Structure formats: C-alpha cells, structure tokens
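These are my notebook entries on a single chain.

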Amino acid sequence: MSDAPADGPLHVRGEVLAAKTAGAFRQLTLVAPGIGERSRPGSFLAVSVGEASLARRALWIHRVRAVGGHRAVIDVVVDPSGTGTRWLAALAPGAPLEVTGPLGRPFSPPRERARCLLVGEGYAAAPLLALSERLRKRGCPVRLVLCGPDEAHLLDVLEARRTVGRVEVVTGDPTPAVVTALSEADVVYAAGTTHTLRRVAEAAAAAGVSCQVALEQPLTCATGLCHGCPVPVLDDDGSTHVVRDCVDGPVFRAGRLDWSLLDQVAP
C-alpha cells in the first residue's frame, strides 16, 4: 500500500469477491482495503488488466457496502466491449486485481436543500445510486431518468425504483423526459456518453438550472501523468484551455465545457 494522504488514492492488491451478469454488463464486487471508505459518488478506480499488469481500465465506483466481514467492498460495472474489459468481465471470485483509487473529482452536493434531477445512461449511470442516497440523506428530493439504447443496457432499474423514489426509464433519447423533469429541478447531475451529456447540459442551460456532468474519456494512466485524456474547458473570457479528465474531472460544471470541441473527440 502506498503512503497516500488520508483522503488521497491508494494502490492495493485487491480481490474479486463476487461477479454476476447484469443485462449487457458484468458487475464485480471487489475487496480493495481502504479505497471504499475514501470514495465519493463520481469517483472511479483504475484497475490493471492482463498478466503483465501494464494496461489499466477506469471503472466507475457503483456502490460501497458492507459484506460479511468486509466493511467497505466496492461494486463496479464492466461493459465488456474491448479486450481489457472482456478480460475483467471474465474474472472469477478469488481472482487478484491491482486497484488504484479513489480517483478524480466527484459530484458536489448542493449547499442547501434542492430538488435534484439525476440522468444516467448505460453503465455510466453507476455512480448515481450512491449519489441519490447521499442527496436524500441531506433532505434533497431526487428524481432519476435512467436511459440506454435498449433494455439490456439499462442499469439497475429494479434497485433504482426501490431506493430512489421517482424513476423514469427511457430507451433511446432521454431529452424529452429530461426537459419535462427540469420544471421541477434546481440542479442536474448527469452521467453518460458525451453526446447525451451535451443534450442534457443544453436542456438544463435553457431552463436556467445548474448542471454537473460526469465526463467519460478514454483514460490511459488514469492518474494525470500521461496527459492522454484532454478536456477543453472555457475560461471566463470565452477562450479555451485543456485540462485532464482523470485529475481535473471526471465531474465538471456543464457550462464550463467546450462541447463543440468535445464532440469532435467523443469516443
């Protein structure tokens, strides 16, 4: 374990405690001592993949919970769409895993009680249930729009309906549902593809509602060293400068992002 500060990331040798299929995704439960306790909704992990442990994949922290004798195991959601994620999805309970986290800047809760609209697309919706729980503990009413291209790519619909309260499930473009829900929202939190986040951000701006987005860019090192995850952000004078998604994000104020440039490099 590294000599990280009390609230900083750790690098640990973890273990897969459990694994299950969830629609088109694979959910892994990880034992990674010390990491779960430090995480916040919107934080992510970097895990090494393959025998050489050279390549890494970034995974949203879905939820942190107590299981058996473990105080804070971590659930992550894997979309097995590439070589690394397919390797992760094939891991069985007991498999060792090198884990670094929690990483990145998480969502910022409102300072006062506010009506919160959460919008989550596909596996990127992973941090929103934990965010919903935190917001509700602060007395904030929560409404969730859960979307995906099809039913198999909707994440945790039953759990969301059980814990969140007001949940709308959409296959396809969530914009109409978001626009309707914005009439009863003071702040929006969104996680999904860049294209969906831009639609949500534009709808929120038009309604005069503040918006935070969890932006997912391909991450190489996930620690800021390689500068391989550039994100264009706007200065007060309208000029653009580049920051790193893994360190300066992944959560950004939507109005600060240069969406026209982001669309050009969206994965």
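**Entry 1: cavity.** I worked on a 1 Å grid over the protein atoms alone, where a cavity is a set of points at which a 1.4 Å probe fits but cannot get out, and lining residues have an atom within 4 Å of a point. Grid points are joined across faces, edges and corners, and a volume is the space filled by probe spheres set on the points. The largest cavity has about 50 Å³. I listed its lining as His-62, Ala-125, Ala-126, Leu-128, Leu-129, Leu-144, Leu-146 and Leu-155. Helix 3 and strand 8 are the elements that give two or more residues to this lining. Helices (H or I, at least four residues) and strands (E, at least two) are DSSP runs, numbered from the N terminus.

I note that this is a predicted model, in which local features need pLDDT of at least 70 and side-chain atom pairs count only at pLDDT 80 or more, while totals for chains, interfaces and linings use all residues. Residues are numbered from 1 along each chain as its sequence is written, and side-chain values use heavy atoms, with hydrogens and water left out.

**Entry 2: pocket.** I turned to open space; a pocket is an open set with protein on both sides within 12 Å along at least five of seven lines. The largest pocket holds about 740 Å³. Its lining has 31 residues, and Ala-58, Tyr-123, Glu-216, Gln-217 and Pro-218 lie nearest the centre. I found at least two lining residues from each of strand 4 (55-67), strand 5 (70-78) and helix 2 (83-89). Strand 4 contributes the most, four residues.

**Entry 3: cores.** I next took up nonpolar cores, meaning sets of buried Ala, Val, Leu, Ile, Met, Phe, Trp, Tyr and Cys residues joined through side-chain atoms within 4.5 Å. Buried is under 20% relative accessible area, exposed over 50%, and partly exposed in between (1.4 Å probe, protein chains only). In the largest core, of 36 residues, Leu-118, Leu-135, Leu-144 and Tyr-189 touch the most other members. Helix 3 supplies the largest share of this core, four residues. A second, separate core has 29 residues, including Val-170, Leu-182, Leu-215 and Leu-257.

**Entry 4: helix 3.** I recorded Leu-128, Leu-129, Leu-131, Ser-132 and Leu-135 as the buried residues of helix 3. Down the helix axis they fall within an arc of 155°, so they line one face; the arc is that of the directions from the axis to the C-beta atoms. Gly-139, with a positive phi near 85°, follows helix 3. Beyond its neighbours within four places in sequence, Leu-135 is in contact (heavy atoms within 4.5 Å) with Pro-109, Pro-110, Cys-116, Leu-118, Cys-140, Val-142 and Tyr-189.

**Entry 5: aromatic pairs.** I found two aromatic pairs. Rings of Phe, Tyr and Trp (its six-membered ring) pair if their centres lie within 6.5 Å; planes under 30 degrees apart count as stacked, over 60 as edge-to-face and the rest as tilted. Phe-25 and Tyr-123 have ring centres 6.0 Å apart and planes at 70°, so this pair is edge-to-face. Phe-25 lies in strand 2 (residues 25-31) and Tyr-123 in the loop between strand 7 (116-121) and helix 3 (128-137), 98 residues apart. Phe-25 is buried at 2% relative accessibility, whereas Tyr-123 is partly exposed at 23%. Phe-107 and Tyr-189 also pair edge-to-face, at 5.5 Å centre to centre and 90° between the planes. Both Phe-107 and Tyr-189 are buried.
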